[in-house]
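I opened this notebook to record what I looked up in the structure.

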Amino acid sequence: MHHSKFEKIEDIQNIVDNQIKFEEILEFFNSVISNPWCESIKLGSEVEDNSFEELQFVKNNFNKKLRFKIGGSGAKNDIRQALKNNVDVITLPMAESRYAIENFIENIEKNPYKDYKPILALNIETITIVNNLPIVKDLLSYFTSFTIGRSDLSGSMKVDVNSVEVDKMIESIIHFIKSNFPNAKISIGGKITPESAYHLIDKFDKNFEFINTKFLYMDISKIEKIREVTKRILQAEIALYALFYNKGYRTKEELLDFSVNNIKRMNS
């Protein structure tokens, strides 16, 4: 048996060559998400590009809180699938206006499959929504979870994701949310590496709750060695992607591209 840690391209080639079996990949992924600092699995039809088959696979195979980011405020089929699969958290991305948020809330409330009360989450990921937060403050009471997306936020600001300007914007967002909604949970994500995760905790201390990568959320209150944990999370994401590949949901090229990107992040 190959005791892979999913940290070298050779490990990924062994998956492609079927030298690492489905059961071993599954065991590794479960070993990571069973840690108390792994708060939830996050999938989505937006930038994550997850299919509904992948959503059902994760829901049926892992006993972990599940987040699903829909394609936008009007993505009624995404909302239906999320509700049918009883996801714990439904996340709205790229909502910059009052209308977009109202549309999302209405589509959730009127969906015929809504027979439970999911947590609603909002991504704050452009300078436009940051400027509009006071205008939509009353609508934000529908949300108990907020994620600050550094990648798109920095892109909308036309600065580097790790710049001082982005840090200052994150600080202002945290202050606004915590001042008006003290019980809300905040996560920070976007091109997370072991070093950037360390920086975020060092910079913002305990003023936020989670750090998220593409597919996983980390509870920072339960982490002592953030660099090591972030590396493990990035490895686990490769394992999850390998499970998708093994089930026929992803191509070899997609698996290799995703893995190379995560391996680079592990080492930066």
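**Basis.** I worked from a predicted model, in which local features need pLDDT of at least 70, side-chain atom pairs count only at pLDDT 80 or more, and totals for chains, interfaces and linings use all residues. Residues are numbered from 1 along each chain as its sequence is written, and side-chain values use heavy atoms, with hydrogens and water left out.

**Core.** I looked up the largest nonpolar core and found 87 residues in it. I took such a core as a set of buried Ala, Val, Leu, Ile, Met, Phe, Trp, Tyr and Cys residues joined through side-chain atoms within 4.5 Å. Buried means under 20% relative accessible area, exposed over 50%, and partly exposed in between (1.4 Å probe, protein chains only). Phe29 and Phe104 have the most contacts inside this core. Helix H10 (residues 226-246) gives the most to the core, with 12 residues. Helices (H or I, at least four residues) and strands (E, at least two) are DSSP runs, numbered from the N terminus.

I then listed the contacts of phenylalanine 29, setting aside neighbours within four places in sequence: Ile41, Phe62, Leu216, Ala236, Ala239, Leu240 and Leu243. Contact here means heavy atoms within 4.5 Å.

**H9 and H10.** I checked helix H9 (residues 194-204) against H10: the axes come within 8 Å and cross at roughly 135 degrees. Axes are lines fitted to C-alpha atoms, for helices over the stretch in contact, and angles run from 0 to 180 degrees between N-to-C directions. The two helices are therefore oblique to each other, given that angles under 35 degrees count as roughly parallel, over 145 as roughly antiparallel, 65 to 115 as roughly perpendicular and the rest as oblique. On the H9 side I noted Pro194, Glu195, Ala197, Tyr198 and Ile201, which meet Ile226, Arg227, Thr230, Lys231 and Leu234 in H10. By class, this contact has 6 nonpolar, 1 polar and 3 charged residues. Ala, Val, Leu, Ile, Met, Phe, Trp, Tyr, Cys and Pro count as nonpolar, Asp, Glu, Lys and Arg as charged, and the others, Gly among them, as polar.

**H10 and H11.** I next took H10 with helix H11 (residues 252-266), whose axes come within 9 Å and cross at roughly 175 degrees. H10 and H11 are therefore roughly antiparallel. The contact includes Leu234, Ile238 and Tyr241 of H10 and Leu255, Phe258 and Ile263 of H11. Its classes are 9 nonpolar, 3 polar and 5 charged residues.

**H1.** I found Asp11, Ile12, Asn14, Ile15 and Val16 to be the buried residues of helix H1 (residues 9-16). They pack against helix H2 (22-33), H10 and H11.

Most residues other than glycine have a negative phi. I therefore noted methionine 94, which is partly exposed, with a relative accessible area of 37%. Its phi is positive, at about 50 degrees, and methionine 94 lies in the loop between strand S3 (89-92) and helix H5 (98-109). Lysine 191 has a positive phi near 55 degrees and sits in the loop between strand S6 (185-189) and H9. Lysine 191 counts as partly exposed, at 47% relative accessibility. Just after H1, asparagine 18 takes a positive phi of about 65 degrees.
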